[in-house]
2 protein chains.
Amino acid sequence: MFSKFQNHIASRFPFLGDKKLFLAVSGGLDSMVLLHLLQQLPCQIAVLHCNFQLRGLESFGDQSFIQDYCDRNNIPIFTTQFDTEAFAKDYKLSTQVAARELRYSWFYELLEEEKFDYILTAHHADDNLETFIINLTRGTGLEGLTGIPEENDRIIRPLLPFSRDKILKYAQENNIDWREDSSNASNKYLRNKIRHDLVPILKEINPNFLNALQKTQSYLRESQEMAEDASIMIYQQVAKEEGEDIHFDLNQLKKLPNYKSYLYQWLNEFGFLAWNDIYDLVDGQSGKQVFSAEFRVLKNRDTLILSPLSQRLEKEEFEIGVSDTEVNFPLKLRLCNISHITVHDNKAIFVDAEKIQFPLVLRKWNTGDIFQPFGMNGKSKKVSKLFKDEKLSLIEKEKIWILSSANQIVWVIGVRQDERFKIENTTRKILKIELHNEL
Amino acid sequence: MFSKFQNHIASRFPFLGDKKLFLAVSGGLDSMVLLHLLQQLPCQIAVLHCNFQLRGLESFGDQSFIQDYCDRNNIPIFTTQFDTEAFAKDYKLSTQVAARELRYSWFYELLEEEKFDYILTAHHADDNLETFIINLTRGTGLEGLTGIPEENDRIIRPLLPFSRDKILKYAQENNIDWREDSSNASNKYLRNKIRHDLVPILKEINPNFLNALQKTQSYLRESQEMAEDASIMIYQQVAKEEGEDIHFDLNQLKKLPNYKSYLYQWLNEFGFLAWNDIYDLVDGQSGKQVFSAEFRVLKNRDTLILSPLSQRLEKEEFEIGVSDTEVNFPLKLRLCNISHITVHDNKAIFVDAEKIQFPLVLRKWNTGDIFQPFGMNGKSKKVSKLFKDEKLSLIEKEKIWILSSANQIVWVIGVRQDERFKIENTTRKILKIELHNEL
């Protein structure tokens with residue numbers, strides 16, 4: 001008989017059945033329960049464990065605890081060790097942020113290497129509440145209040161609707177063993193204060209507080225999506241891409257009483273900090289400019305012009321004709337018509353051949369590129385935002401090429417296919433486009 | 001020497017100097033401080049006091065306390081008594097909501113009758129925080145988290161940035177007398193719990209918590225405005241008004257992955273409750289319908305049709321020609337060209353004569369009307385939303401007429417002028433349009 005946890009997983013994530021799943025396991029209560037739950041489902045699983053070396057021997061104790069458990073239960077396990085402190089120091093990050101960067105970049109790397117489909121983490125409703133309150137006490141925007149997502153990109157958090165109490169109860173009923181989790185060191189005092197002093201009062205005011213928060217957060221996410229819709233619609237009205245630059249038409253923009261909000265949305269991802277200076281450009285003298293590390297905004301008559309500081313993106317475009325089966329420069333692609341979809345990974349896409357128009361064009365990505373990422377139900381997203389969400393480094397971003405058909409992005413190569421060209425039930429001709437080793 | 005409170009009022013609301021201001025005064029700490037502050041500013045003030053008769057003799061004690069204070073200080077005072085419990089029972093409202101409805105409708109009435117400009121209330125930062133937390137514990141949407149506005153419509157809350165502690169300190173330093181406020185009866189236990197148990201922990205985690213919250217709420221308001229922009233832009237793309245009905249083009253609408261959010265935004269103000277039934281209509285059979293008390297949504301082929309249940313809005317339109325100086329039916333208007341603006345109230349508007357096109361049209365308002373309310377910097381708003389915000393009753397709404405020029409609303413008559421036709425520095429010809437007693 002399945003528990004309510006397993007029923008939730010089966011109904012909320014029915015597609016997991018035949019997938020290959022990594023489980024991020026620290027050895028603490030939550031992740032050991034997640035592991036126990038997944039062992040009883042018919043999925044192919046493997047464990048990922050990061051040793052951040054932040055607690056000396058204790059960290060190695062955790063590692064061997066998991067290693068033993070997996071050995072005894074015949075579960076494949078991947079472990080890695082990070083010098084988290086050194087990384088944090090090098091990149092001027094807090095220990096916590098450094099650990100997250102290291103963890104997720106290793107996760108994504110392994111997904112590719114081992115050809116797994118998803119990573120499951122054991123975040124639960126109380127984690128989500130604590131994060132909400134931490135962000136709230138610091139001052140935050142809508143994004144900081146919408147909560148930890150149940151599913152984003154290839155990360156899935158199946159325990160998110162459940163409280164810590166329910167997870168603990170399951171562990172006790174099933175005699176699950178775990179290591180007391182003393183990670184989150186830098187954050188521990190704050191999380192404990194919230195957990196022990198603040199949350200009990202909220203739950204006293206409303207015993208269903210966790211449910212109320214879930215409802216609130218789903219409304220907030222709806223509002224956030226609408227705000228993003230507005231951001232994209234207005235962008236399409238006032239912004240024009242000229243090569244690598246983006247020109248914002250100020251006469252149009254200034255018709256909006258809240259134009260500053262939009263400028264913030266559009267320019268935020270380019271590393272600007274001096275927001276008041278940027279807002280002042282709108283009514284400022286022609287020729288004035290504001291800089292970030294990699295970009296600048298210039299006021300030029302009735303236009304704001306965003307430009308990259310270096311000529312980091314080449315301007316060449318390469319055409320792929322209808323009879324080409326191979327491209328060798330600037331990167332290696334192979335194109336062939338096939339009858340069945342085979343292995344699906346980031347190195348190959350399958351498109352509906354009747355939806356595309358030749359010649360396809362191969363070019364570097366631009367600051368203003370927008371596409372509809374596969375799996376997002378047709379929502380538009382800026383390519384630069386995708387890179388930010390996927391935490392691509394500047395160097396990784398510089399290497400990215402775009403495949404486009406009639407000015408629509410087909411593939412952010414090696415990163416994400418576009419929804420508009422995907423295979424559907426009605427597809428009659430499938431084109432496979434495969435990336436080989438880069439030059 | 002002015003206090004920081006008075007400096008804030010002078011810098012944030014510089015336009016109050018020559019205005020006539022009502023002060024809503026309960027007799028409690030906050031409103032007595034507000035009154036004391038305003039007495040020392042060169043504004044024309046009068047006190048409004050509502051006796052909600054919720055605490056027997058105590059309520060009358062508050063009333064005579066204020067009355068005495070105003071008499072001694074030569075401040076004009078208006079008082080009224082409400083049978084709040086009876087009103088709440090009749091309209092099936094909570095005592096708190098009933099008190100608010102009664103209070104604000106009386107306030108707005110007096111503004112008109114006495115030709116005052118604004119109402120000032122004494123809400124402060126801790127009120128705002130408590131409201132935020134109450135909404136949060138109950139589950140809420142973005143609107144419930146954006147906080148009490150410093151300024152909306154004709155209500156101004158000059159103490160909103162200040163904490164209760166600061167207000168108390170001012171009262172003590174200035175020997176201000178007040179009545180212990182035991183109102184908010186139904187809400188008192190909850191507010192006290194939040195005030196005494198929860199808020200101190202938040203302020204311990206971040207001593208500047210109130211400031212952080214103000215920052216958060218200003219970001220949230222930005223996002224909310226953007227979400228509203230999206231709602232209006234998409235509405236203009238998919239909705240078409242046909243007489244009193246609104247037709248929503250489902251083929252267009254369904255292209256949006258988050259179309260439910262938009263349907264909710266558009267239909268929410270029409271009193272629907274069965275949201276899942278409405279969402280099911282989108283893919284449901286032609287002919288299916290969902291009802292609210294006054295409206296229905298019908299699925300008809302590729303369209304959702306919103307219609308009022310009764311033919312409550314007449315369909316006639318009346319034209320006003322360029323040489324008309326008077327209209328006598330269906331309501332009495334007088335039009336004249338003038339050289340200077342005189343008294344400004346809801347019974348008369350002044351428009352730039354060169355911006356309007358004759359014939360002007362006089363008609364009842366429609367469900368889908370959108371205009372740009374005067375004073376909102378060109379933001380668009382649905383007329384129905386304005387009525388909701390101003391808490392107009394169904395009967396009041398039925399009486400409202402619209403004056404329009406070339407299909408643009410010039411005046412929601414007796415309620416709000418449109419921004420687009422207002423007088424500006426460049427105006428050369430002023431047209432005054434005045435409403436006389438309705439028929």
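A salt bridge here is a side-chain nitrogen of Lys or Arg within 4 Å of a carboxyl oxygen of Asp or Glu. In this predicted model, the side chains of A:E204 and B:K193 form such a pair, with 3.0 Å from N to O. The rule finds two salt bridges across the interface of chain B and chain A.

**Where the chains meet**

Let's look at the interface as a whole. On the chain B side, 48 residues are in contact with 48 residues of chain A. The two chains bury about 3,800 Å² between them, and 72% of that is on carbon and sulfur atoms. In chain B, the residues that lose the most area to chain A are B:T137, B:I205 and B:M226, which together make up 16% of what that side buries.

Polar contacts join the picture too: 12 residue pairs across the interface are found by the rule, both residues at pLDDT 80 or more. Several helices of chain B each give two or more residues to the side that touches chain A, and they are listed here.

| Element of chain B | Residues |
|---|---|
| α6(B) | 125-138 |
| α7(B) | 142-145 |
| α9(B) | 188-205 |
| α10(B) | 209-238 |
| α12(B) | 259-267 |

The largest share comes from α10(B), with 18 residues. By type, the residues on this side of chain B are 25 nonpolar, 14 polar and nine charged.

**A residue in a strand**

B:N51 belongs to strand β2 of chain B, residues 44-51. Because its relative accessibility is 1%, B:N51 counts as buried. Beyond its neighbours within four places in sequence, B:N51 is in contact with B:S59, B:F60, B:Q63, B:T80, B:Q81 and B:F82.

Note on methods. Residues numbered from 1 in each chain as written. Chains lettered and ligands numbered in written order. Predicted model: local features only at pLDDT ≥ 70, side-chain atom pairs only at ≥ 80, totals over all residues. Heavy atoms only, no water. Contact = heavy atoms within 4.5 Å. Buried area = accessible area lost by both parts, 1.4 Å probe. Polar contact = N/O pair within 3.5 Å; in protein donor to acceptor, adjacent residues only side chain to side chain. Helix = DSSP H or I, 4+ residues; strand = E, 2+ residues; numbered from the N terminus. Nonpolar A, V, L, I, M, F, W, Y, C, P; charged D, E, K, R; others polar. Buried < 20%, exposed > 50% of the residue type's maximum accessible area, 1.4 Å probe, protein only.
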